[in-house]
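The exercises below ask for careful reading of a structure, each with a task and a solution that goes step by step. Please keep the sequence and the model open while working through them.

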Amino acid sequence: MWKSAIFLVAASLASVVSGLGSSCTAALTPTAAAGDPHWMQTITRRGKSAYNANPSTYKPYRNVKDYGAKGDGVTDDTAAINKAISDQNRCGQGCASSTLSPGIIFFPSGTYLVSTPIIPFYLTQLVGDAKNKPTLLASAGFNGMAVIDADPYIPNGGGAEYWDNTNNFFKSVRHFKIDTTRMPATTSATGVHWQVAQATTLVDIEFDMNQDSNTAHQGIWMENGSGGFMSDLTFNGGKFGMWVGNQQFTVKNIKVRNCQVGVYMNWNWGWTFQGVDILNSGIGFQVNTGGTTQANQSAGTEVIIDGRIENVQTFVKTSAASIGSLNGALLLDNIQFINVGNGVVDGSNAVKLAGGTTTVRQWAQGNKYWGTTTTPTYVQTTINAPAKPTGLLDTTTGYIYSRSRTDYPNYAASQFASVRDAGAVGDGVTDDTTAIQNFINKNWGCKILFFDAGSYYVTNTITIPTGTIIVGEVWTTVIGGGSNFSDQNNPRPVIKVGNAGDKGVVEISDMVFSTRSGSAGAIVIEWNVADTAGQKATAAMWDVHIRLGGYTGSGMQAGNCLKQSGHAVAPCTAAYIGLHITSQATGYFEGTWVWTADHDLDDAGQRQIDIYTGRGIVSESANGPVWLIGTASEHAAIVQYSFVNSKNVYAGLIQTETAYYQPSPGAPSPFTLSTTYHDPTFTNGASGWALNIANSQQIYIYGAGHYSFFSNYDQGCLTGYTCQTSIVKVGSDSSNVYIYGLSTVGTTYMLNVDGTGIIKQSDNRNGFASTATIWTSTTSTRKRMRIEGRKALANDSLADIAAYARM
């Protein structure tokens, strides 16, 4: 299903492009023959790492066969693969993090036999041939944690690992089959050990595991971290498809076949699963619950939206017995059961949701709030689900619409144009503004614009016309700087995507957009384009990040912005807004991280730094749709996510952190509040808002983790949950707002309506975090009751009727 959807979108590009670049005679359509190698294997490589110690010889791209891998299923390819990854002194064991040695490791189609783990170093992408996925085959005597080990434990290291799991950024694995079936059934054979943090992705991976009754195989093992996004994963057999624990993650489009347990959730603060297909398995989700104190953390929140569950004994099995109050939060939304034994079973084996053949529109476990009600109602029952707008949905399935990332397998290398071949230098010093703009103007609409690895410095706005496809190479970086971006009283975009009123195709993947020191007036991305009429998600980004400060080339590092060092403010000011979605725009954003640096990635000690950004993501899309899937926004001074004058937004999971330096200076300093961008006012002390919703309608948030860990770099405030007063603000002028799985850390109030604190963290302790399973706006709740009250009385059980009455 995923591949066909990608092909249909690719095939339709020519029909939705209006206008072409100056060199073009015809619109872009795929021309690669079925037997052609993937373009990644044959395209001319010109990429560089601008700040590497040896920039003229460093190779960002590596083909494993160039290092001796055979891919014949017989030769042990482990050493060759790891040599391709580690060559040229990249960031492995002993290197906490580095942006100086990016690596994209390409695997042509074939079967690669491995006997010990493949270790992706920091800032590494492992990419298989998307036309014919290669297989990573574990040998019968495989020795190690996992076929791919993203954070190895150091032998005799007392539990120490290569990288700090909450700072293990910038890793991607996509387009593989991972086969552990040669290993004995009773060994803990694991496909991927994925203990990672933000800007990490697993995409388009099939796990083949032993299917014996005594199997101990597992597809993914994750015991810690702070992620992250993964999608389009298939698990065949095994004891566990996924055995996971991490602060937060978004998982989209998973298929589970013949697993004993599809997902074992050990602990979290909040995970969102979107698009779950489980067939012929024992338990869909086995959830470790019952830990409601910091000392006894278990799985805090599961949000599961859109699923098809067939021939499964139990869909959700929790470990703790129900106690009539918050004991782990759970939301099910639009889940189809076909021959399911039980829907939800607790730790005492009591059935809380029946199975059978039916569709669960919405079922919740946990504390529910609505409007300005300050006292929670505990629910463990079917509840009244909102009718989501069709603009957000795939109308053939009724699911939230999604588009999976593609690596353009149907296009030939000749259909790509290189920005370096067009004259851009990418050395982080040369002003590449004119070269990049000329390159775009010449080739948009008839070529895929390939931004070779490098750091491209620009001093004026780069405009990306509607009809453009941009592909980076292991997070190619564009850095805006200079006087044009210095004035917060005159903000202007570094990257301008389309013009107001434009409709059509824009696709951007594998890029980092950034700024240089003193860019208080930079809007890093201004997103103006809307979807082609009658189509959805034609304006989209995947694995595109906004990274502000904290790396070589930014001019904002430990040397001049070290925390509490009395440094000047202006040189440490990074941006006015990270991502601005304007009023006529729509957008599909997947796996995007807007990060104002809290530490220096290229400092050996990862010392903390003060970097100032005004706002993270601001959306003013008047009609939508806007999808924010697996996104995060951290450390802006005023607000991380702001939905103002917006309509038809789906966001899940969204994750934020408040700036560590606050309240010194306090919000909004060093910026001033703007009426133009509808900044929220502050009734939550001197700390920025995680989420602001004002004058908006039909806002659907499925999973939110909002954290305040510090007060002026001191974590003593965590003990009393006083790092800030409140963290989410919803205006009473908004309606049809639904927030599910709201988890917060370090804040006294979890949510305000206008200036009044509504949800107290103290009423919602759920481990280290506090969780409200549901908050809905009063207007929307009452309206739904008026419309559906008679239907509820006619068709629902007494328990359901009672649930409606409590709304």
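**Exercise 1. An aromatic pair and its surroundings**

Does F451 count as buried or exposed, and at what relative accessibility? Then describe the ring pair to which F451 belongs.

Solution. The model is a predicted one, in which local features need pLDDT of at least 70 and side-chain atom pairs count only at pLDDT 80 or more, while totals for chains, interfaces and linings use all residues. Residues are numbered from 1 along each chain as its sequence is written, and side-chain values use heavy atoms, with hydrogens and water left out.

Step one concerns accessibility, where buried means under 20% relative accessible area, exposed over 50% and partly exposed in between, with a 1.4 Å probe and protein chains only. F451 counts as buried because its relative accessibility is 3%, and F439 counts as buried at 2%.

Step two concerns the rings: those of Phe, Tyr and Trp (its six-membered ring) pair if their centres lie within 6.5 Å, and planes under 30 degrees apart count as stacked, over 60 as edge-to-face and the rest as tilted. By this rule the count comes to 45 aromatic pairs. One of them joins F169 and W593 in a tilted arrangement, with 4.8 Å centre to centre and 55° between the planes. F169 is in the loop between strand 7 (148–149) and strand 8 (171–179), whereas W593 is in strand 35 (residues 593–596), so that this pair links distant parts of the chain, 424 residues apart (helices, H or I, have at least four residues and strands, E, at least two, as DSSP runs numbered from the N terminus). Both F169 and W593 are buried.

Step three returns to F439 and F451, whose pair is edge-to-face, at 5.9 Å centre to centre and 75° between the planes. Because F439 lies in helix 5 (residues 433–443) and F451 in strand 25 (residues 448–451), the pair ties together parts that are 12 residues apart in sequence.

**Exercise 2. Charges over rings**

Which charged residue lies over the face of W163, and at what distance from the ring centre?

Solution. A charge sits over a ring if NZ of Lys or CZ of Arg is within 6 Å of the ring centre and within 35 degrees of the ring normal. For W163 the residue is K171, at 3.4 Å from the ring centre. At Y576, the charged end of R615 sits over the ring, 4.0 Å from its centre.

**Exercise 3. Enclosed spaces**

How many cavities of 30 Å³ or more does a search of the whole structure find, and which residues lie nearest the centre of the second largest cavity?

Solution. On a 1 Å grid over the protein atoms alone, a cavity is a set of points where a 1.4 Å probe fits but cannot get out, and lining residues have an atom within 4 Å of a point. Grid points are joined across faces, edges and corners, and a volume is the space filled by probe spheres set on the points.

Step one gives the count, which is 9 cavities of 30 Å³ or more.

Step two takes the largest cavity, with a volume of about 190 Å³. Its lining has 21 residues, of which T99, P102, S455, W475 and T477 lie nearest the centre, and strand 28 (residues 468–480) gives the most to this lining, with 5 residues.

Step three takes the second largest cavity, of about 130 Å³, lined by 19 residues, of which G227, G228, G630, T631 and A632 lie nearest its centre. The peptide bond from G227 to G228 is cis, with omega near 0°, and G228 is found in the loop between strand 11 (218–222) and strand 12 (229–236).

**Exercise 4. Backbone and burial**

Solution. Phi of D306 is positive, near 70°, in a residue other than glycine. D306 is found in strand 17 (residues 301–318) and is buried, with a relative accessible area of 2%. A second case is D543, which has a positive phi of about 50° although it is not a glycine; D543 has its place in strand 32 and is buried, with a relative accessible area of 4%.

Note on methods: On a 1 Å grid over the protein atoms alone, a cavity is a set of points where a 1.4 Å probe fits but cannot get out, and a pocket is an open set with protein on both sides within 12 Å along at least five of seven lines; lining residues have an atom within 4 Å of a point.
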